[in-house]
Structures are given as C-alpha cells and as structure tokens.
Amino acid sequence: MLGVGLHLSALGRPTDALPPAEQAVILYRGLAERYPDRYRLHLARSLSNLGITFSELGRAAEASQAHQEANRLMPPGAASDPED
C-alpha cells in the first residue's frame with residue numbers, strides 16, 4: 001500500500017494516492033500496536049507520506065497533524081537509516 005501511494009503521488013495524482021496512503025497508516029498502526037519495536041518506524045514514515053499527500057491536496061491541517069504524529073514516533077537519526 002505504501003509504495004502504491006508514493007508512486008501515484010509522484011505521478012501527480014494525489015487524489016488517487018490518498019486511499020493507499022491512508023490504508024498504509026491503518027495497517028502499520030495495527031502492527032505497531034502489537035510489535036512497536038519492529039513497526040513504529042514504518043508507521044512514522046507512512047504518516048509522513050500521508051502528510052505529504054494531504055499537503056498536495058491543500059489539506060494543511062490534516063497534513064500538519066500527520067507530520068506531528070510522525071515526528072513523535074520517529075527516533076532521532078531514523079530518517080537517514082540506510083538499512084530500512
């Protein structure tokens with residue numbers, strides 16, 4: 001789901017990218033609740049991508065909310081982790 005949303009967004013189709021981006025957040029949120037050490041970073045990145053999609057759609061408040069949650073979940077240095 002995450003990859004689909006990213007590709008659609010890159011193609012300039014943020015409206016089409018929104019449902020897969022939202023689904024990725026739902027999926028990773030559930031996984032992160034059960035396995036936080038394994039999936040918290042994936043959830044943070046999914047939220048960040050959802051925020052980007054909201055921004056592209058002009059939905060600033062929702063974009064800000066998604067980015068804030070992503071930032072709370074993202075450990076320092078995780079965005080540049082080459083192994084993930």
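I call a crossing left-handed if the near helix is turned anticlockwise from the far one by less than a right angle, and right-handed if clockwise. Helices are DSSP runs of H or I with at least four residues, numbered from the N terminus.

My ground rules: this is a predicted model, where local features need pLDDT of at least 70 and side-chain atom pairs count only at pLDDT 80 or more, while totals for chains, interfaces and linings use all residues. Residues are numbered from 1 along each chain as its sequence is written, and side-chain values use heavy atoms, without hydrogens and water.

Entry 1, H2 and H3. I find that the axes (lines fitted to C-alpha atoms over the stretch in contact, with angles from 0 to 180 degrees between N-to-C directions) of H2 (residues 14-34) and H3 (residues 36-56) come within 8 Å and cross at roughly 160°. H2 is therefore roughly antiparallel to H3 (over 145 degrees). I noted their crossing as left-handed.

Contact here (heavy atoms within 4.5 Å) involves, among others, Leu43, Leu47 and Phe54 of H3 and Ala63, Ala70 and Leu73 of H4.

Which residues did I find in the largest nonpolar core? Its 12 residues are Leu18, Ala21, Val25, Tyr28, Ala32, Tyr39, Leu43, Leu47, Leu50, Phe54, Ala63 and Ala70. Such a core is a set of buried (under 20% relative accessible area, 1.4 Å probe, protein chains only) Ala, Val, Leu, Ile, Met, Phe, Trp, Tyr and Cys residues joined through side-chain atoms within 4.5 Å. H2, H3 and H4 (60-73) each give two or more residues to this core.

Definitions and conventions:
Angles under 35 degrees count as roughly parallel, over 145 as roughly antiparallel, 65 to 115 as roughly perpendicular and the rest as oblique. Buried means under 20% relative accessible area, exposed over 50%, partly exposed in between (1.4 Å probe, protein chains only).
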